[in-house]
Amino acid sequence: MIRTQRLAAGVCALLAALTAGLAFPAGAVADETTALAPKVDLVLDVSGSMRTKDIDGGTRMAAAKQAFNEVLDATPENVLLGIRTLGADYPGDDQKTGCKDTAQLYPVGPLDRTEAKTAVATLSPTGWTPIGPALLKAADDLDGGTGSKRIVLISDGEDTCAPLDPCEVAREIAAKGIGLTIDTLGLVPNTKMRQQLSCIAEATGGTYTSVEHTEELTDKVNQLVDRAADPVVTPVATDGADSCAKAPTLKSGLYTDREEFGQERWYRVDVEPGQELRASVSVAADRTMNPDYGVLLRAVTVHGREIVRGESAGNGRTDVISTGLRYPKAESDDEEAPAETVCLQVTNAFSAASGVKTTPGMPVELTVDVVDGPSQASDVASFGLGRSWWLLGLLVLVGFLAGLVWGWLSRWRVAVWRTN
C-alpha cells in the first residue's frame with residue numbers, strides 16, 4: 001500500500017514537472033513574440049468641431065466611427081493596437097483643463113474587436129484639440145518592445161493648446177531615436193491645419209494625407225495599420241562627432257542622428273581589403289527652410305585625403321534630400337593586411353527661415369553597408385562608369401571606323417558620278 005502511494009506520488013510529481021517544463025518555455029516564447037510585435041496607437045480628435053456635417057452628408061465623427069469599425073475588423077492578428085482620444089471628455093472653457101483632455105480609450109495590446117468597437121461607439125464630440133499632449137501620451141502608450149511603433153493621428157483642426165507646439169513635440173519624439181513614426185490624416189483640412197499636420201509627420205518620417213470622404217479615411221488607416229505589420233529595420237540612434245578622430249565606428253546598418261544647420265557630422269567605418277563600402281545619407285527638412293540647399297557626403301582617409309564624394313541639391317520643393325557613395329578597397333596579397341578606417345563626413349547647406357527654431361537639429365538617416373567588393377575594385381569608382389569604360393571605348397572605335405567607311409563611300413560615289 002505504502003509503495004503504491006509512493007509510486008502514485010512520484011508519477012504526479014513527474015507529470016507536474018513535465019507540465020511546468022512545457023509551460024515556461026511557451027510563456028517565454030509568448031513574451032518574446034509580444035516584444036517583437038508591431039504596435040499602433042490610433043489617436044482620434046473628438047473635439048467639438050467633429051460635429052460638423054461635411055463628410056458624405058454626415059458628421060466628421062460619424063465618418064471616423066465608421067472607418068474605425070472597418071479598420072478594427074481588418075487589423076492583422078499580430079498587430080498590438082490601441083486607441084487614444086483627445087478632446088473627448090471636457091466640454092468647458094478653461095484652456096488649462098481642456099489641454100489635459102486626452103485619454104486611452106483602448107490600451108495598446110492584443111485586439112478584442114467587440115470591446116474596441118463598443119468603446120468607439122460611446123464617443124461624442126466634446127472639447128478642445130490638445131494634439132501636443134496627446135502625442136506625448138501616445139508615445140508613452142507605445143513604450144517598450146522592439147517591434148515597429150506607429151501613431152496614426154486623425155484630426156479636423158489645428159492644435160488649440162499652444163505654446164506646447166505639436167510639431168516641436170514630434171521632433172522631440174524623433175530625437176529620442178526609438179523608431180516611432182507618426183502619420184497624420186486631416187479631415188477637410190484648411191491651410192494652417194495642413195501645415196501643422198505635415199510638419200508633425202515629416203519630423204518622424206511619416207506621411208500626411210488629406211481626407212474628405214469616409215471611404216478614403218478607411219482605406220488610408222487600413223493601409224497604415226498594415227504597413228506597421230510589415231517587417232522593418234529599426235534605425236539605431238548614434239551621435240556623430242565634430243571630427244573623424246572622435247567619431248563613432250559604425251557597422252553595416254541603419255542609423256539616425258541630428259544635425260544642426262551648417263554642421264558637420266563624422267562617422268568611421270572599417271573596410272577590409274576586397275570589400276566595398278556603400279553609404280547613403282538623407283536629411284529631412286522638417287521645418288520651414290530657405291530655398292537652395294544641399295547635402296554632401298564625403299569618404300576621406302584618417303589623414304584627410306578625399307577618396308570619393310556624393311552630393312545633392314534642392315530648391316525648396318523637396319522635403320528630404322539624399323545622396324550616396326561607393327568605395328571599393330582593392331584586394332591585398334597580404335592575408336594579414338589591416339582594415340582601412342574610412343571617415344564619412346556629412347555636411348549640409350540648409351538655412352532656417354526667420355523665426356524658425358534651429359534646435360533640435362534636422363533628422364539625419366545614414367545607411368552603411370560593407371559588402372564583398374568586385375573583382376577589379378579600381379574600375380568601379382571611375383567616374384561612376386564602373387566596368388563600362390571598355391564599352392565606351394568600343395563605341396568610340398566603332399564610330400571612328402564608321403566615319404572612315406562613310407567618307408570613303410561618299411568620295412567613291414562622287415568619283416563615279418564625275419566619270420559618268
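**Ser-47**

I began with Ser-47 and found it in the loop that runs between β1 (39-45) and β2 (53-55). The model is a predicted one, which I keep in mind for every entry below. Is Ser-47 buried or exposed? Its relative accessibility is 1%, and because buried means under 20%, Ser-47 counts as buried.

I then looked up its partners and noted a polar contact of 2.7 Å between the side chain of Ser-47 and the side chain of Asp-45. Setting aside residues up to four places away in sequence, I listed what Ser-47 touches, and the list includes Leu-86, Gly-87, Asp-156 and the residues Pro-125, Thr-126, Gly-127, Trp-128 and Thr-129.

**Nonpolar cores**

I next turned to the largest nonpolar core, which has 32 residues, with Leu-44 and Ile-154 making the most contacts inside it. At least two residues of this core come from each of β1, α2 (60-74), β4 (80-86), α4 (113-121), β6 (149-155), β7 (180-187) and α8 (214-229), and α2 gives the largest share, seven residues.

For Ile-154, again leaving out residues up to four places away in sequence, I found that it touches Val-43, Leu-44, Asp-45, Phe-68, Leu-185, Leu-187, Leu-217 and Val-221.

**Confidence**

Last, I checked the pLDDT, whose mean over the protein chain is 83, with 85% of the residues at 70 or more. Residues 1-24 fall below 50, and beyond near neighbours in sequence this stretch has one contact in the model; residues 26-30 are also below 50, with zero such contacts. Where pLDDT is low, the predicted coordinates should not be read in detail.

Terms used: Residues numbered from 1 in each chain as written. Predicted model: local features only at pLDDT ≥ 70, side-chain atom pairs only at ≥ 80, totals over all residues. Heavy atoms only, no water. pLDDT = per-residue confidence, 0-100. Contact = heavy atoms within 4.5 Å. Helix = DSSP H or I, 4+ residues; strand = E, 2+ residues; numbered from the N terminus. Buried < 20%, exposed > 50% of the residue type's maximum accessible area, 1.4 Å probe, protein only. Polar contact = N/O pair within 3.5 Å; in protein donor to acceptor, adjacent residues only side chain to side chain. Core = buried A, V, L, I, M, F, W, Y, C linked by side-chain atoms within 4.5 Å.
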